[in-house]
Amino acid sequence: MKRLLITGAAGGLGRAMRSRLAGFAETLRLSDIADLGTAASHEEIVTCDLGDAAAVMKLVEGCDGILHLGGISVEDKFSKILNANLLGLYNLYEAARAHGHPRILFASSNHVVGFYRQDEHIDAKAPMRPDGLYGVSKCFGEALARMYFEKFGQETALVRIGSCFEKPVNHRMLSGWMSYDDFVSLIDCVFRAPMLGCPVIWGISNNDSKWWDNSHAAYLGWKPKDNAEIYRAELEATIERPAPTSAMAVYQGGKFVEDPIFAED
Ligand code: NAI
Ligand code: 15L
């Protein structure tokens with residue numbers, strides 16, 4: 001690949017992927033509204049608000065692939081979610097349509113199904129059950145991507161990331177954790193696949209305990225290698241197990257199910 005665009009490159013996952021994806025494309029175009037520091041020789045830095053249609057149109061020009069991590073990543077005021085996750089998504093897909101349909105990996109979220117219980121095992125066909133406005137914005141993103149696929153052939157991997165951090169930090173993450181290395185190998189499979197389509201992919205490592213079934217996406221050849229289980233003993237020793245009736249122990253979305261609708265200023 002000549003140029004891979006990474007949106008949200010200043011965020012937690014963006015920073016983790018910035019170093020790990022050096023060499024994945026000749027050039028990494030890194031974008032965010034936040035500071036991205038200094039560009040290395042293989043990098044371009046573009047400051048851009050996803051809500052700005054003209055800026056996003058320019059941002060996408062010349063890119064062969066897009067790793068879309070940018071946006072509001074937790075529950076927040078609707079106005080902020082509206083700009084970054086709804087308008088921003090529309091701007092991105094319109095730009096991709098104008099610039100030759102670069103393949104997109106969309107960082108969706110487990111919060112599109114947050115109201116399923118942890119004793120339920122689901123696959124990609126399960127109806128969405130978002131646990132807040134943030135989750136709803138990811139449902140919108142998935143639906144928008146699907147429409148651009150059906151209408152224009154735009155390919156997108158809809159990656160419902162569980163919890164992608166250095167390591168699991170609570171008991172819930174023993175099921176939903178995805179390691180940085182497994183995310184990199186998923187990115188590799190998504191952008192190298194001869195045919196992608198528009199699949200939902202559960203973004204989880206090869207955890208012993210899991211709620212989500214990825215067998216429909218076997219054609220991509222992604223084989224996550226890490227397993228949150230190796231952290232169980234450390235977690236048990238350092239963190240109290242959540243009460244069995246608490247949201248953290250009952251719902252796949254954990255505490256997000258309890259978030260209020262945040263008031264606008
Ligand atoms: P983060 O909040 O650390 O990073 C998101 C980045 O997007 C930030 O750097 C922020 O400045 C940028 N951003 C926000 N609004 C923007 C706007 N209007 N225009 C341009 N940039 C904007 O989130 P994180 O953890 O890095 O997640 C990356 C993506 O993956 C997000 O879309 C999130 O929803 C998704 N995700 C992450 C999970 C995780 O475990 N880290 C789990 C599920 C989904
Ligand atoms: C998400 O969607 C968030 O972006 C991330 O910060 C975590 O909260 C994650 O879900 C999670 O559910 O652990």
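**Cavity and rings**

Author: Searching the whole structure turns up one cavity of 30 Å³ or more. A cavity here is a set of points, on a 1 Å grid over the protein atoms alone, where a 1.4 Å probe fits but cannot get out. Grid points are joined across faces, edges and corners, and the volume is the space filled by probe spheres set on the points. This is a predicted model, where local features need pLDDT of at least 70, side-chain atom pairs count only at pLDDT 80 or more, and totals for chains, interfaces and linings use all residues; side-chain values use heavy atoms, with hydrogens and water left out. Residues are numbered from 1 along each chain as its sequence is written, while chains are lettered from A and ligands numbered from 1 in the order in which they are written.

The largest cavity holds about 30 Å³ of space. Its lining is His 68, Gly 70, Asn 85, Leu 89, Phe 106, Ser 137 and Lys 138; lining residues have an atom within 4 Å of a point. Helix 3 and helix 4 are the elements that give two or more residues to this lining. Helices are DSSP runs (H or I, at least four residues), as are strands (E, at least two), numbered from the N terminus. By class, the lining has two nonpolar, four polar and one charged residues. Ala, Val, Leu, Ile, Met, Phe, Trp, Tyr, Cys and Pro count as nonpolar, Asp, Glu, Lys and Arg as charged, and the others, Gly among them, as polar.

Now the rings. Those of Phe, Tyr and Trp (its six-membered ring) pair if their centres lie within 6.5 Å; planes under 30 degrees apart are stacked, over 60 edge-to-face, the rest tilted. That rule gives eight aromatic pairs. Tyr 93 and Tyr 148 have ring centres 5.4 Å apart and planes at 50°, so they are tilted. Tyr 93 lies in helix 3 (residues 78–98) and Tyr 148 in helix 4 (residues 133–152), so the pair ties together parts 55 residues apart in sequence. Both are buried, meaning under 20% relative accessible area (1.4 Å probe, protein chains only).

Trp 202 and Trp 212 are stacked: 5.1 Å centre to centre, 15° between the planes. Trp 202 is buried at a relative accessible area of 0%, Trp 212 at 5%.

Ring pairs also link Tyr 93, Tyr 148 and Phe 152 into a cluster. Over the ring of Phe 152 sits the charged end of Arg 97, 5.0 Å from the ring centre. The criterion is NZ of Lys or CZ of Arg within 6 Å of the ring centre and within 35 degrees of the ring normal. Arg 129 likewise has its charged end over the ring of Tyr 116, 4.6 Å from the centre.

Note on methods. Buried means under 20% relative accessible area, exposed over 50%, partly exposed in between (1.4 Å probe, protein chains only). On a 1 Å grid over the protein atoms alone, a cavity is a set of points where a 1.4 Å probe fits but cannot get out, and a pocket is an open set with protein on both sides within 12 Å along at least five of seven lines; lining residues have an atom within 4 Å of a point.
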